[in-house]
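Trainee: I would like to learn how to read the packing and the sheets of a model such as this one. Could we go through it feature by feature?

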Amino acid sequence: MMTAPLPSTDGVRVAVRVRPFSQREKTSGSKCVISMHSRTTTTIQDPKNPEHRKTFTFDLAYWSHDGFQKDQDGVFISADPSSQFASQKDVFHDLGRGILDSAWQGYNATLLAYGQTGSGKSYSMVGFGANKGITPNVCEELFQAIEKQEGNEEYQVTFSMLEIYNEQIRDLLSRTKKPGGLKVREDQQLGFYVDGLKSVPCENYAQIERLMEQGTKIRTTASTNMNASSSRSHMVITIQFKQVFLDSDLTKQSSINLVDLAGSERQKSSGSEGDRLKEGSRVNLSLTSLGNVISALADAATGKRVLHVPYRDSVLTKLLQPALGGNSRTTLIAAISPADICYEETLSTLRYAESGITWAERLLFCQLPASALQRGPGPECVFMFAHGRAKKIQNKAVVNTSMLMRESKAENNKVLLTRGNSRMAERPACLLAEPGPGPQTGQPTWAHQLEQAREEWHQQYLAIAQERQMTETFPHLLNVNEDPQLAGVLKYFIQAGSCDAGRAASNAILLQGLGISDKHASFTNLDGKVTVTPQSKCKVVINGVPIMTKTKLQHLDRIILGSNSAYLYIGFPSERGNEDLNRFDYDFFQLEQLQKDVPEQVASAQEHCAVFLGAAGRREGNADPSVLAVFQDYVKLMPLVAEANQMGEELEKGLRMELKVKNLVSSDSRGYDLQKEVMVKVTHQRTHEPVFRDEPRLLQGPPGGLLPPKSTAGVGKRAAGEGDHPSLDDLLYRAMSCSFPGFHTSVRSPKVVKIFWVKPAV
Ligand SMILES: Nc1ncnc2c1ncn2[C@@H]1O[C@H](COP(=O)(O)OP(=O)(O)OP(=O)(O)O)[C@@H](O)[C@H]1O
């Protein structure tokens with residue numbers, strides 16, 4: 001067992017972490033607007049008004065922006081001893097170790113990562129390659145510590161992984177998809193739990209690694225099939241850790257919840273829940289609810305009469321109820337981008353984190369009255385003030401103990417959850433899993449569960465070995481995803497002979513992305529050559545160029561099938577070298593298409609594309625940062641527009657949506673550059689008339705059908721008091737619904753691959 005608790009075992013904490021510039025941010029000449037002058041302060045500077053700075057104080061501030069280098073294993077470490085750089089290990093040391101200590105002591109622990117898409121949430125939670133994040137480090141150290149134990153104890157570890165997308169729960173460890181997702185149920189004693197969620201018993205860290213890989217694969221397949229960006233979903237990993245003290249008939253149980261929240265950027269345009277629904281997107285219901293729960297708890301803490309804490313409003317808040325108002329040590333890590341272009345989002349993340357800390361302080365300071373909460377008492381807390389702030393907040397989360405009823409010494413694993421002296425029995429640790437194994441539940445014993453799991457492990461190891469061998473032998477398609485965490489996860493092998501690809505189950509290569517037909521294309525692998533032939537009217541784009549006929553593939557060709565399912569072609573082993581495949585990320589694919597699109601607008605934009613694509617590093621100095629910034633928006637919006645067009649086509653709405661850059665090279669009469677904006681032009685396919693001409697007021701954009709989507713361009717206008725620009729989802733939704741009253745019913749047509757708009761509240 002862990003020895004003396006480290007300082008990091010404190011309860012509710014808020015940490016902020018700033019990441020390095022991405023390649024694109026570097027290329028587009030981004031400026032850093034974040035500074036951290038101590039281990040607890042974060043200052044943000046308004047890029048439009050550099051005098052305007054705001055400083056936030058959190059429990060911890062991690063500077064991971066610069067001052068680092070790669071060691072020989074690819075791990076980012078401090079470049080020199082004076083650097084304030086915070087590595088993955090540093091973050092784990094402060095936050096992860098606290099979680100582990102809590103677990104050993106029998107407390108529940110929850111870590112939430114919050115921030116806009118691409119701000120580094122997954123990097124902190126899961127990590128990339130050699131730079132392992134908190135989750136794998138927690139698991140690895142947990143098993144290392146278990147191995148060192150010598151007493152007469154048994155340790156039971158189970159692992160579950162789920163995703164909440166659009167209020168539906170998907171089990172990421174189960175291949176069988178339940179229509180409508182898994183349901184959250186409520187048990188009088190156990191609280192909320194997910195009915196039917198797979199919770200896999202594990203005996204070592206390698207198994208957890210496999211499970212995470214497996215979960216990521218299922219998440220990637222789902223994301224590609226539904227054309228759902230993973231940044232719109234929440235991922236929750238739960239590790240149940242039980243210590244069975246065989247000599248004393250006692251058990252200690254802890255639930256560790258590691259939550260990678262959906263990108264927060266849509267949050268800010270949502271306002272109240274009612275408004276948000278009117279805007280037509282359910283994507284962030286959970287995040288809105290999370291904010292509402294926190295604010296209700298804060299109100300209750302300040303003595304306001306709160307009749308209702310809206311835990312039940314979303315799946316996420318139901319599952320996190322014990323973490324938010326109950327029996328858990330909770331940490332929020334706010335991930336932020338350093339770039340000026342993300343100023344607004346970053347400020348809103350810092351404010352959200354601040355509301356988190358304020359909530360925690362107030363909650364703890366005022367000793368939340370039990371009557372203020374909808375169910376159960378709040379946490380009991382102690383805290384200390386330093387420099388007028390709550391420096392250290394500690395939940396008195398309750399140790400989860402229970403009595404062990406041993407049926408046979410050898411089996412020693414039938415556990416009876418008794419009410420006994422434990423609050424755990426009333427407000428149990430397990431956020432997510434079903435009631436634990438025990439005689440009264442009729443569920444299999446721990447030994448039996450382990451046995452079953454071993455059988456599954458065996459099958460899985462065989463499958464992994466087979467895939468490894470095929471990777472080394474055959475050319476294949478490697479998936480490329482917007483979320484780097486989900487890129488390179490799926491492989492489609494092109495074996496000798498010919499094979500079809502498409503959504504029909506009879507195809508050797510089964511693909512289900514948006515705009516993919518039943519039989520979409522054929523691949524042949526003959527005489528050391530691989531070719532692809534699109535079926536008639538099926539979209540296949542190679543290296544940015546649509547193809548209609550049989551085309552030979554070259555190693556590292558970029559392939560887009562359907563609307564925007566992206567794949568990198570990996571050739572025969574003899575063609576492969578030591579290439580950096582990371583270069584071919586999702587943006588690269590989009591830009592390659594953009595490069596083909598822009599000539600009609602302006603030829604010089606080609607150069608900027610080349611800079612963006614990294615093909616013209618030397619010319620970086622000549623690139624206009626404002627053009628590059630606008631391209632950045634453009635590239636982000638491309639898949640959304642492709643998706644909207646595809647939906648429009650399937651709904652036979654006769655709409656055409658195109659991205660345009662307004663004022664790409666225009667200047668005003670005095671020669672100053674005009675503000676560049678990315679616009680979505682929506683026209684009737686048949687008449688080419690703009691769709692919005694009749695509804696300029698509703699759409700808050702200029703008449704004539706050119707409407708600014710959410711982009712950097714919106715920032716100034718919002719500040720000028722023109723109100724929020726609708727996000728592209730909202731905008732397209734409104735476009736369709738106001739122009740086509742039958743829209744609501746049509747979207748339920750089974751032909752539609754994905755529905756990301758819902759009927760607005762009346
Ligand atoms: N501290 C860091 N050090 C180095 N690279 C980082 C760091 N944080 C993030 N990155 C890089 O930034 C990119 C985006 O990070 P990440 O995928 O973790 O963002 P995210 O917030 O989880 O996004 P999403 O909401 O899409 O899942 C990744 O390529 C990641 O490797």
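Trainee: Which residues have the most contacts inside the largest nonpolar core?

Mentor: A nonpolar core is a set of buried Ala, Val, Leu, Ile, Met, Phe, Trp, Tyr and Cys residues joined through C-beta atoms within 7 Å, where buried requires 20 or more other C-beta atoms within 10 Å of the residue's own, exposed means 12 or fewer, partly exposed lies in between, and C-beta atoms are placed from the backbone. Here the largest such core has 91 residues, and those with the most contacts inside it are V16, L111, A334 and A353. Its largest share, 7 residues, is supplied by helix 2 (residues 88–105), helices being DSSP runs of H or I with at least four residues and strands runs of E with at least two, numbered from the N terminus. A second, separate core of 41 residues includes L486, I516, A521 and L659.

Mentor: Please keep in mind that this is a predicted model, in which local features need pLDDT of at least 70 and side-chain atom pairs count only at pLDDT 80 or more, while totals for chains, interfaces and linings use all residues. Residues are numbered from 1 along each chain as its sequence is written.

Trainee: With which residues is A353 in contact, leaving aside its neighbours within four places in sequence?

Mentor: Contact means that the C-beta atoms of two residues, placed from the backbone, lie within 7 Å. By that criterion A353 touches V14, V16, F58, Y114, L332 and A334.

Trainee: At what angle do helix 4 and helix 5 pack?

Mentor: Two packed helices are described by the angle between their axes and the distance between the axes. Axes are lines fitted to C-alpha atoms over the stretch in contact, and angles run from 0 to 180 degrees between N-to-C directions. Helix 4 (residues 134–148) and helix 5 (residues 205–225) pack at about 155°, with their axes 9 Å apart. The contact is made by P136, C139, E140 and F143 of helix 4 together with Y205, I208 and E209 of helix 5.

Trainee: What is the strand order in the open sheet of 6 strands?

Mentor: Strands of a sheet pair through backbone hydrogen bonds, either parallel or antiparallel, and pairing is assigned if DSSP finds at least two bridges between two strands. This sheet has the order 23-22-32-31-28-29, with antiparallel pairing. Strand 23 (491–493) and strand 29 (545–546) stand at the edges, each with a single partner strand, so one side of each lacks a neighbour in the sheet. Strand 22 (residues 476–480) is joined to strand 32 (residues 565–570) by 5 bridges, and V480 has A566 in strand 32 as its bridge partner.
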